[in-house]
Amino acid sequence: MDTFLGFDAVMLARMQFGFTVAFHFIFPAFSIGLASFLAVLNGLYLWRKDEAYLRLFKYWLKIFAITFAMGVVSGITMSYQFGTNWSVFSDIAGPVIGPLMAYEVLTAFFLEAGFLGIMIFGRDKVGPGLHMFACLMVAVGTAISATWILSVNSWMQTPQGFAIAENGQFVPEDWWEIIFNPSFPYRLAHTLTAAYLTTAFIVGGVGAWHLLRGNKKNPGVRIMFSMAMWMAAIVAPLQIFLGDMHGLNTLEHQPAKVMAMEGHFESHPDGAPLYLFGIPDQEAQELKYAIGIPKVSSLILKHHLDAPLDGLDTIPREDQPPVAIVFWSFRIMVGLGFAMMGVGLWSLWARFRGRLYEAGWLHRAALVMGPSGLVAVIAGWITTEVGRQPYVVYGALRTAEAHSPLAASAVGTSLIAFVVIYFVIFGAGVAYILKLMHHAPALGERGVRVEPGPIRTSGITPERQMRESGRDIAPETS
């Protein structure tokens, strides 16, 4: 078998796509929620005429612009892999997924592109109403983009509404069934709330950082921390509920994935335990050193302590997903979800006592939990995608049959290039974002850099025009 560093071409192609998707996913997960946060801040400023909201808008607008750009760039490389590493998949499933991807561009991307410039640069060039409308359209556009992408991915998880043509291609029969496939509503709700929760904890972490540095009287710091903790307290419990609903849907349509998540190698006819810890041994088909709570898994999944649950002993070895990866990624996601809810409830207690801005240990916890949303969404994505294996279109097209006929050395070399380039380029971008977060929102916070436009009134220099309009010309970094 042709291998590179011990891996065949299929595994290297999976690793490459997994790496690029994981790197890409952190940016939309942040920008989707941040776009809505900016729209809310701008609306509050127009409503209350409070300078603190404008400061926060300008503060986070710079970060949003960089995050959005990195999300677009990192997403482009993924689309090329459909033609390079997964050309067979593109050929077979293209008649179904191609139009859905096109709809994402025609609706969401065009909407975002049409109003993004006005949102970022247009505060002093258009009226407040049009600028507010642009902020709303960008926020809506990010949600629409997620909707189409999740529809595509959900169809790959729970495919329906298609037929197989004589040439082997999947051809659409019912677009409503394809778009609104069985897992789509649950995955859409779960992912969007995850994006909002991710943004809340990043914003809350930045607010906590500045509170710990002694900026307790800074109105912008207080507002961002308070709003983030409200989101954590409200959305984290909702996210856990939506995750439970998603899990029940997965049990119905992808039972092998749930078996791997739960670590159930054996069937349990009289109630299955909830394993908190264990070391999955797929070769031996057992969970070693298992620590569990009797019958609780049946209670969660079937709402009855004695409900029977099938195990992986009912699934052929060749159809089982990699259990260890799914088992641990699921526990990371769930553990972080409950930790988020704990921080949200803690903030409610501190708010009730009037110590939201004085509770040092709460601020430390919020700071530590700042990147938790990003880790949780990656863990959730790994659970979903690895749990689907060995299929790329569940039950219809195996991953091993969907890759391009490439040499392992070619795929491996490009994977190494991706890793090096991504860490250099996107590492620099993340470092700059952290630099922007390092300073607290200040009076007169400057927004995204704006160069002087053409001068249409004689006798007025660009410097004078910028000064008299009060327009921001550079970001504040001190």
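This is a predicted model: local features need pLDDT of at least 70, side-chain atom pairs count only at pLDDT 80 or more; totals for chains, interfaces and linings use all residues.
Residues are numbered from 1 along each chain as its sequence is written, and side-chain values use heavy atoms, with hydrogens and water left out.

I next recorded the secondary structure, which comes to 14 helices and eight strands (DSSP runs numbered from the N terminus: H or I of at least four residues for helices, E of at least two for strands). The radius of gyration is 25 Å, close to the 23 Å of the globule rule for 478 residues, so the chain is as compact as a globular protein of that length (taken over C-alpha atoms; the rule is 2.2 Å times the number of residues to the power 0.38). Along the principal axes, the C-alpha atoms fill a box of roughly 80 × 55 × 45 Å.

I then checked contacts (heavy atoms within 4.5 Å): of those between residues at least 6 apart in sequence, 77% join residues at least 24 apart.

Finally, I examined strands β5 (residues 274-281) and β6 (residues 286-293), which run antiparallel and are joined by six bridges (pairing requires at least two DSSP bridges). P280 stands opposite L287 in β6. Four residues lie between the strands of this hairpin, where Q285 takes a positive phi near 55°.
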